[in-house]
Amino acid sequence: MVTKICACCGEPFVARPQVPNQAFCTNPACQRERRQQWQRKKLLDDPFYRENQQDAQRAWRTRNPDYSRHYRAVNPEYTQKNREQQRSRSQEGQALEKQTSDVSTTPNEIPPGIYRIRHIQADANCKTDVWIVEIRPVKCDCFCKIDACKDRT
Ligand SMILES: [Zn+2]
């Protein structure tokens with residue numbers, strides 16, 4: 001039995017003998033991270049995969065020609081923002097800030113994903129100073145919403 005430390009959540013887990021070089025535990029969030037890392041690496045390393053992905057996106061846009069037009073009509077600030085973004089892309093820092101607001105998010109929205117959170121004030125008694133959290137949008141049909149309401153009252 002081989003115990004390893006998960007590359008995502010940092011928790012120990014028992015590696016499965018049939019999976020060589022297993023670096024992630026079976027936690028769904030960690031598995032999602034593993035798949036995303038795999039895809040990012042694949043996009044960098046494999047020109048055929050990259051081309052395939054681009055073709056798939058292009059094909060999707062061809063099948064949904066109204067999407068971009070409709071999106072811009074409904075979100076006129078996007079077109080404006082996009083122009084501003086292109087203008088300031090050379091200015092470091094600013095460009096970085098703007099990158100966080102992409103097509104699918106509004107400026108104050110945090111994109112869903114895995115984040116590390118950390119106490120600003122260092123606590124000497126605390127052994128772990130970093131937590132891994134998953135941020136997901138709250139939907140009407142999601143039980144999380146009920147929890148959020150409970151918290152507020
Ligand atoms: Zn994990």
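**Zinc site and helix 1**

In this predicted model, the zinc ion has as its protein donors the SG atoms of C6, C9, C25 and C30, which lie 2.3 to 2.4 Å from the metal. Along the chain, the donors follow the spacing C-x2-C-x15-C-x4-C. Because C9 lies in the loop between strand 1 (2-5) and strand 2 (12-15), whereas C25 lies in the loop between strand 2 and helix 1, this pair ties together parts that are 16 residues apart in sequence. The structure holds zero disulfides.

The accessibility of these cysteines was also examined. C6 has a relative accessibility of 3% and therefore counts as buried, and C25, at 10% relative accessibility, counts as buried too. C9, by contrast, is partly exposed, with a relative accessible area of 25%. C30 is listed among the buried residues of helix 1, together with A29, Q31 and E33.

Helix 1 comprises 18 residues (residues 28-45), and at 1.5 Å a residue it should therefore span 26 Å; the C-alpha atoms at its ends are 25 Å apart, in agreement with that expectation. At the start of helix 1, a side-chain oxygen of N27 reaches to within 3.0 Å of the backbone nitrogen of A29, and A29 is itself one of the buried residues of the helix. The zinc donor C30 is likewise a residue of helix 1.

Key
Residues are numbered from 1 along each chain as its sequence is written. This is a predicted model: local features need pLDDT of at least 70, side-chain atom pairs count only at pLDDT 80 or more; totals for chains, interfaces and linings use all residues. Side-chain values use heavy atoms; hydrogens and water are left out. Helices (H or I, at least four residues) and strands (E, at least two) are DSSP runs, numbered from the N terminus. The expected span of a helix is 1.5 Å times one less than its number of residues. Buried means under 20% relative accessible area, exposed over 50%, partly exposed in between (1.4 Å probe, protein chains only). A polar contact is a pair of N or O atoms within 3.5 Å; within protein, one must be able to donate a hydrogen and the other to accept it, and residues adjacent in sequence count only if both atoms are side-chain atoms. Donors are N, O and S atoms within 2.8 Å of the metal (3.2 Å for Na, K and Ca); water is not among the atoms, so sites may look incomplete. A disulfide is a pair of cysteine sulfur atoms within 2.5 Å.
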